[in-house]
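Could you walk me through this model, one question at a time?

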Amino acid sequence: MLNPLIQRINAGIAIKYLGSSEIVNIPEGVRELSPCLFWDNQKIKEVKLPNSLLSISGDTFYNCTNLEKVNIPNHCKFMGNNPFAGCPKFKLQIHLHIFN
């Protein structure tokens, strides 16, 4: 079941986060995070992504100044342009060959 604070228009695509939690769990079944999904959200500190995720679009987390941690699942094969732009506390730690 999709978190009621996340809207989607096509199966598997999270479009906009409407909540104010510090920790956000994206449910299994979501395959793509749309651009600007968390745009300028000052509350989130951690986002837990599902194993089903394949793509993180550009500017997904733009200006989320308190964001510190996002797990990148092994099946994620695409990251758009600067998905973590404006996130000064975020440190990307990824050990997947596809992003090296």
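The questions below go from the whole chain to single residues.

Q: How far can the predicted model be trusted, and what is the mean pLDDT of the protein?
A: This is a predicted model, so local features need pLDDT of at least 70 and side-chain atom pairs count only at pLDDT 80 or more, while totals for chains, interfaces and linings use all residues. Residues are numbered from 1 along each chain as its sequence is written, and side-chain values use heavy atoms, with hydrogens and water left out. On pLDDT, the predictor's confidence in each residue from 0 to 100, 82% of the residues reach 70 or more. The mean for the protein is 86.

Q: Which strand has the highest confidence?
A: Helices (H or I, at least four residues) and strands (E, at least two) are DSSP runs, numbered from the N terminus. The protein has zero helices and eight strands. Confidence is lowest in β1 (residues 6–8), at a mean of 60. The highest value, 96, belongs to β6.

Q: What percentage of the residues is buried?
A: Buried means under 20% relative accessible area, exposed over 50%, and partly exposed in between (1.4 Å probe, protein chains only). The protein has 100 residues. Of these, the buried share is 42%.

Q: Is Thr60 buried or exposed?
A: Thr60 sits in the loop between β6 (55–56) and β7 (69–70). Its contacts (heavy atoms within 4.5 Å) include Leu33, Phe38, Trp39 and Pro83, leaving out residues up to four places away in sequence. Because its relative accessibility is 0%, Thr60 counts as buried.

Q: How far apart in space are Thr60 and Leu33, C-alpha to C-alpha?
A: Along the sequence, 27 residues separate Thr60 and Leu33. In space, the C-alpha to C-alpha distance is 6.8 Å.

Q: How many residues apart are Phe38 and Phe61?
A: Phe38 belongs to the loop between β4 (32–33) and β5 (46–48), while Phe61 belongs to the loop between β6 and β7. Phe38 is buried at 1% relative accessibility, and Phe61 is buried at 0%. The pair links distant parts of the chain, with a separation of 23 residues.

Q: Which residues form one aromatic cluster?
A: Phe38 and Phe61 both belong to this cluster.

Q: How many disulfides does a search of the whole structure find?
A: A disulfide is a pair of cysteine sulfur atoms within 2.5 Å. Cys36 is partly exposed at 28% relative accessibility, whereas Cys76 is buried at 0%. Across the whole structure, the number of disulfides found is zero.

Q: Which backbone nitrogen does the side chain of Asn41 reach?
A: Asn41 lies in the loop between β4 and β5 and is buried, with a relative accessible area of 10%. Beyond its neighbours within four places in sequence, Asn41 is in contact with residues including Tyr17, Asn63 and Thr65. At 2.8 Å, its side chain reaches the backbone nitrogen of Lys43.

Terms used. Rings of Phe, Tyr and Trp (its six-membered ring) pair if their centres lie within 6.5 Å; planes under 30 degrees apart count as stacked, over 60 as edge-to-face and the rest as tilted. A polar contact is a pair of N or O atoms within 3.5 Å; within protein, one must be able to donate a hydrogen and the other to accept it, and residues adjacent in sequence count only if both atoms are side-chain atoms.
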